[in-house]
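User: I am new to reading protein models, and I would like to learn how to go through one feature at a time. Could you guide me, giving the general idea and then the case at hand?

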Amino acid sequence: MDEDRRSLRPGAEIQQFIATYFFLWLVADLSVVLGQCNDSLTKSLIKNQLSSLEKAVSMLDNASKCNCTFKKQVVFHAEMGSSKTYNKGSIWVYDKVVTNVGNAYNPSTGKFTAPTNGIYQFNWYTLSDPKVTSHPGLFVNGQIKARQAANNNGGTSQWLTAGSSMALPLKRGDEVYIMDVHGWKAQLRSQWTTFGGVLIN
């Protein structure tokens, strides 16, 4: 079984829980029935409850023997905590984490590290200063996978947010991050510049 998957709760523990529940139920009902001194009703009640208990234990035992597994939940979204300027060759660091289920995103490095094999969906939004152009690209292990152009060069009061999204198959340990495609200086506006992703399969 893969290390990045978790199995169901052991069948023995579940069986013990169900058995305890049915036993308490049985005792509660018997306390009422015995008070009425009705042997026929008591025997019928015991027989029916024992039959139900045997069926429940059998079903849980079968479930514990199957290879029922599920992948970890992985989702993150982060934004820049303040306006930043990045020079050539710098990885953009989205240091304000909004959500980070699975802790796969590192707000100190700006890198997302895939915790398991699967298909991931990523999105990134960029707001540059007026009269400034930036070209953020999505990189995996140093290789560019997608490009984006955030062109705010139309005037001093022009604010345009560029957004991109891409689905990628990743292997465990792959590193994903954002960096300027052309290596130009990028002047970015805080919370409007974001990076996020989710494991979808």
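User: What is the mean pLDDT of the protein, and where is the pLDDT below 50?

Analyst: Where pLDDT is low, the predicted coordinates should not be read in detail. This is a predicted model, and the mean pLDDT of the protein is 78, with 63% of its residues reaching 70 or more. Over residues 1–10 the pLDDT is below 50, and in the model this stretch has 19 contacts beyond near neighbours in sequence.

User: How should I read a sheet, and what is the order of the strands in the open sheet of five?

Analyst: The general idea is that strands of a sheet pair through backbone hydrogen bonds, in either a parallel or an antiparallel way. Here the open sheet of five strands runs in the order β6-β7-β14-β10-β11, and the pairing is antiparallel. Strands β6 (105–106) and β11 (143–147) stand at the edges with a single partner strand each, so one side of each has no neighbour in the sheet.

User: Is strand β16 largely enclosed or left open by the rest of the structure, and which strands does β16 pair with?

Analyst: A residue counts as buried when its relative accessible area is under 20%. Five of the six residues of β16 (residues 194–199) are buried, which means that the strand is largely enclosed by the rest of the structure. One partner of β16 is β3 (residues 75–79), in an antiparallel pairing over five bridges, where Glu79 stands opposite Thr194. Another partner is β8 (residues 118–127), which pairs with β16 in the antiparallel sense over six bridges, and here Leu199 in β16 is the bridge partner of Tyr120.

User: How do I read a nonpolar core, and which residues of the largest one touch the most other members?

Analyst: In soluble globular proteins, nonpolar side chains tend to be buried together. The largest nonpolar core in this model has 26 residues, of which Phe112, Phe122, Leu138, Leu170 and Phe195 touch the most other members. Several strands supply at least two residues each to this core, including β3, β8, β10 and β16, and the largest share, three residues, comes from β8.

User: Which residues does Gly81 touch, and how far apart are Gly81 and Gln191?

Analyst: Leaving aside residues up to four places away in sequence, Gly81 touches Asp95, Lys96 and Ser190. Gly81 and Gln191 are 110 residues apart in sequence, yet they are 6.2 Å apart in space, C-alpha to C-alpha.

Methods
Residues numbered from 1 in each chain as written. Predicted model: local features only at pLDDT ≥ 70, side-chain atom pairs only at ≥ 80, totals over all residues. Heavy atoms only, no water. Pairing = 2+ DSSP bridges. Helix = DSSP H or I, 4+ residues; strand = E, 2+ residues; numbered from the N terminus. Buried < 20%, exposed > 50% of the residue type's maximum accessible area, 1.4 Å probe, protein only. pLDDT = per-residue confidence, 0-100. Contact = heavy atoms within 4.5 Å. Core = buried A, V, L, I, M, F, W, Y, C linked by side-chain atoms within 4.5 Å.
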